Amino acid sequence: MLSFPTTRWSVVLQAAGSAADSGAMSALCAAYWAPVYAFILRKERDPEQARDLTQAFFLRLLEKHDLLPAHPLHARFRSFLLASVQHFLSNERDR
């Protein structure tokens, strides 16, 4: 399993801001794409399906501003992100 990078909360909070910083969001997606993909691949087993789901997850994160609840006082970002991925996968299975 790929390890999650050390959380740079300043980047997370910039990406989550009301005028979401596209540079911060790009940096966040680049840093977390591989570990999220590895997590999804363990669940889905099909590399192509896992890639599609990873892309869809990050697209949803961008479109729905799902980073707004993320805060260093509430939980580790890794825990927040994995819970978000699991919720996303559950919703995708329900469809």
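Modeller: What follows takes the aromatic rings, then the salt bridges, then a charged patch.

This is a predicted model, in which local features need pLDDT of at least 70, side-chain atom pairs count only at pLDDT 80 or more, and totals for chains, interfaces and linings use all residues. Residues are numbered from 1 along each chain as its sequence is written, and side-chain values use heavy atoms, with hydrogens and water left out.

A pair of aromatic rings is described by the distance of the centres and the angle of the planes. Here rings of Phe, Tyr and Trp (its six-membered ring) pair if their centres lie within 6.5 Å; planes under 30 degrees apart count as stacked, over 60 as edge-to-face and the rest as tilted. The count by this rule is seven aromatic pairs. In one of them, W9 and F77, the ring centres are 5.8 Å apart and the planes stand at 80 degrees, so the pair is edge-to-face. This pair links distant parts of the chain, since W9 is in helix α1 (residues 9-16) and F77 in helix α4 (residues 77-94), 68 residues apart. Helices (H or I, at least four residues) are DSSP runs, numbered from the N terminus.

F77 also pairs with F80: the centres are 6.0 Å apart and the planes at 25 degrees, so this pair is stacked. F77 and F80 are three residues apart in helix α4 and are therefore separated by about one helical turn. F77 is buried, with a relative accessible area of 1%. W9 counts as buried at 18% relative accessibility, and F80 counts as buried at 18%. Ring pairs join F4, W9, Y32, F77 and F80 into a cluster.

Now the charged side chains. A salt bridge is a side-chain nitrogen of Lys or Arg within 4 Å of a carboxyl oxygen of Asp or Glu, and the structure holds three salt bridges. One of them joins the side chains of E44 and R93 (3.4 Å, N to O). Because E44 lies in helix α2 and R93 in helix α4, this pair ties together parts that are 49 residues apart in sequence. E44 is partly exposed at 25% relative accessibility, whereas R93 is exposed at 55%.

D66 forms a salt bridge with R60, and their closest N and O atoms are 3.5 Å apart. D66 is partly exposed at 25% relative accessibility, and R60 is partly exposed at 33%. In the salt bridge of R95 with E92, the closest N and O atoms are 3.1 Å apart. R95 is exposed, with a relative accessible area of 73%, and E92 is partly exposed, with 28%.

Last, the patch. R42, K43, R45, R76 and R78 gather on the surface in a patch of positive charge. Patches are made of residues with over 30% relative accessible area and no salt bridge, like charges being joined within 9 Å and nonpolar side chains (Val, Leu, Ile, Met, Phe, Trp, Tyr) within 5 Å. R42 lies in helix α2 (residues 22-44) and is partly exposed, with a relative accessible area of 42%.

Methods. Accessible areas come from the Shrake-Rupley method with a 1.4 Å probe; for residues, only the protein chains shown count as cover. Lys and Arg count as positive and Asp and Glu as negative; His and the chain ends are not counted. The place of a charge is taken as NZ of Lys, CZ of Arg, CG of Asp or CD of Glu. Helices (H or I, at least four residues) and strands (E, at least two) are DSSP runs, numbered from the N terminus. Buried means under 20% relative accessible area, exposed over 50%, partly exposed in between (1.4 Å probe, protein chains only).
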